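Please read these notes with the structure open beside you. The points are numbered so that each can be checked separately.

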Amino acid sequence: MPSQENVWLDAARRFDQQALAAIYDAYSDELYRYAFRLIGDVARAEDLMSETFSRLLRALERGGGPKTHLRAYLYRTTHNLAMDQLRQSKKELIEETVEPQVDHGIRNPEQSVELKFEREQAMSMLNDLTEEQRQVIILKFFQGMDNEEVAATTEKTVGAVKGLQHRALNSLRRAFEALQSETEQAA
Amino acid sequence: MNDSDERMNRALERFLENGVLSKELEGHIASLHALKSLEQVPDRDLRRARRIRHKYLAEAAALNSAVSPRRNSRLNGWMSIFRKERSFMFAIARIITIAAILLGGTAGTAFAAQESLPDQALYPVKTLIEDLRLELINDPQAEFDLLMKFLEERFAEIQTMAQNGDPIGEVVQNRLQKQLQSAFQNAAELDDPELLQAMERVREQSRIQLNILNELKSGNGDGPQSNLEVAEQAVIRSQIQAEGALDDPTTLRNRYGAERNEDAPDQPEVNPPGGGQGGPADGSGDGDGSDSSGFGDGNFGTPGPRRNGQTK
């Protein structure tokens, strides 16, 4: 029995508006969140998400686009667009963290400052990872993907994903310890 | 992959799914918790989210119409006439007959005029027929659609004349500008979804036309480039207007003084520059797919099922 994704894809190739709307509704929010985690800016995250869907349409128009694994394809497109943008702006990753526009559960300025500090620290740790390690960590920890989905998105084997994940955890620990050490010295 | 990768993976799966801490993760817990702050992602602005969704669907509609069969050559113009929608055929035949009678010619003359160029004697018949067809329509969407076809025709004329090395006269340029403006006026009367779709179509058509113009200019040598510049400016202006309207349809309505429908949602009282972050004016959030469920797509480090119910 074909998956829902494949049913959507078949209809999307005929530019069926309902199928295209269903695809957008299913994935736009999570792609926005993924883009924000990669790029750290609300407006740019929206733009990246929007461009991802635009690329999908243009690929379908040319008779291309994904044959299967639509979700993985969309994530990959968002990731590539984000990396292009980051490279263009000559940033390794986010150097300045944009303060969230809506702070869930944040009731006072101290909490907000603390959250900002924690975000900066977390982004700094992610910056110490390779691009592939960072991608695996974000997809698995924050976007809720399992190893198979991460493998489809990154176009790697599940074994390679596990290896990247292991090395990423070790790098994160080293980065965290370095940050702790810096903080202690500053104090 | 080696055994330690596999052991670490199993430990991580248990941690992510059930919050169980295995000995493999000892030494990693502090760093994993330090990432937790990245769970939080700011909510999407619902108005902006809705606008992006409209743009996407409008782009889909535009691309869908763009891949439909198009006229490739002026030589098969007669065939294209007979391929037009059957529902229009009777009306067109009547218009042509009336135009022919008014001009003292025959229906055959009027049909022949359909293929005429601005520097040819039958061109006024062609433009009269276009005007009559527009006069018979009382629906902004249908009028917009017809104007877009006529604009394609203007471009085909310009293309043919440029390829023939003929100067692009004022007649065709003025008509191009007038019909572009008329298309925008009609679009301004449409509801938001249709307006956005119309603007996406204008933008896409402008993009194609600019490519054609660039090709013509590059192959033109010392030809009538200044004439093409005029057409180019008109197309660039329409592209800019369409993009402005895609960002905010009210700009087009304000420009063309179109009234909003009575049942249209209320406009915000104040529109600060660079604003629009204050949530939807109607507060409805009607199925734009942006439920802003907040943070933690992956339930990172939280006991319980990891997946958030998204389609796999």
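1. A residue counts as buried when its relative accessible area is under 20%, and as exposed when that area is over 50%. The model is predicted. With that cut-off, helix H1 of chain B has these buried residues: B:Asp5, B:Met8, B:Asn9, B:Ala11, B:Leu12, B:Glu13, B:Phe15 and B:Leu16.

2. What do the buried residues of H1(B) pack against? They meet helix H6 (131-142), helix H7 (147-154) and helix H8 (158-186) of chain A, together with helix H2 (29-34) of chain B. H1(B) itself covers residues 3-18, which is 16 residues. From its first C-alpha to its last it reaches 22 Å, close to the 22 Å expected at 1.5 Å a residue. Just after H1(B) comes B:Gly19, with a positive phi of about 75 degrees.

3. Chain A has eight helices and zero strands. Of its 187 residues, 55% are buried. Taking the contacts in chain A between residues at least 6 apart in sequence, 62% join residues at least 24 apart. The accessible surface of chain A is about 8300 Å², and carbon and sulfur atoms account for 47% of that surface.

4. Chain B has twelve helices and zero strands. Buried residues make up 44% of its 312 residues. Among the contacts in chain B with a separation of 6 or more, 68% come from residues 24 or more positions apart. Chain B exposes about 16100 Å², with 50% supplied by carbon and sulfur atoms.

5. In soluble globular proteins, nonpolar side chains tend to be buried together. In this model the largest nonpolar core has 72 residues. Those with the most contacts inside this core are A:Leu20, A:Ile23, A:Tyr27, A:Phe53, A:Leu74, A:Phe141 and B:Leu35. Helix H2 (residues 17-39) of chain A gives the most to it, with 13 residues. Apart from this core lies another, of 41 residues, including B:Phe184 and B:Met199.

6. How do helix H8 (residues 140-164) and helix H10 (residues 192-218) of chain B lie relative to each other? Their axes come within 11 Å and cross at roughly 0 degrees. Angles under 35 degrees count as roughly parallel, so H8(B) is roughly parallel to H10(B). Among the residues of H8(B) that take part in the contact are B:Phe144, B:Met148, B:Leu151 and B:Phe155. On the H10(B) side, the residues include B:Val202, B:Ile212, B:Leu213 and B:Leu216. B:Leu216 is also one of the residues in the core of 41.

7. A:Phe15 is not a glycine, yet has a positive phi of about 60 degrees. A:Phe15 sits in the loop between helix H1 (4-13) and H2 of chain A. Why does A:Phe15 count as buried? Its relative accessible area is 5%, and the cut-off is under 20%.

8. A:Thr154 and A:Glu155 can be read as a pair. A:Thr154 lies in helix H7 of chain A, whereas A:Glu155 is in the loop between H7 and H8 of chain A. A:Thr154 counts as buried because its relative accessibility is 13%. A:Glu155 counts as exposed because its relative accessibility is 61%. Leaving aside neighbours within four places in sequence, A:Thr154 is in contact with A:Gln135, A:Leu139 and A:Val161. A:Glu155 has a positive phi of about 60 degrees although it is not a glycine.

Note on methods: Residues numbered from 1 in each chain as written. Chains lettered and ligands numbered in written order. Predicted model: local features only at pLDDT ≥ 70, side-chain atom pairs only at ≥ 80, totals over all residues. Heavy atoms only, no water. Core = buried A, V, L, I, M, F, W, Y, C linked by side-chain atoms within 4.5 Å. Buried < 20%, exposed > 50% of the residue type's maximum accessible area, 1.4 Å probe, protein only. Helix = DSSP H or I, 4+ residues; strand = E, 2+ residues; numbered from the N terminus. Expected span 1.5 Å × (residues − 1). Contact = heavy atoms within 4.5 Å. Areas by Shrake-Rupley, 256 points an atom, 1.4 Å probe, with all protein chains shown as cover. Axes fitted to C-alpha atoms, helices over the stretch in contact; angles between N-to-C directions. Parallel < 35°, antiparallel > 145°, perpendicular 65-115°, else oblique.
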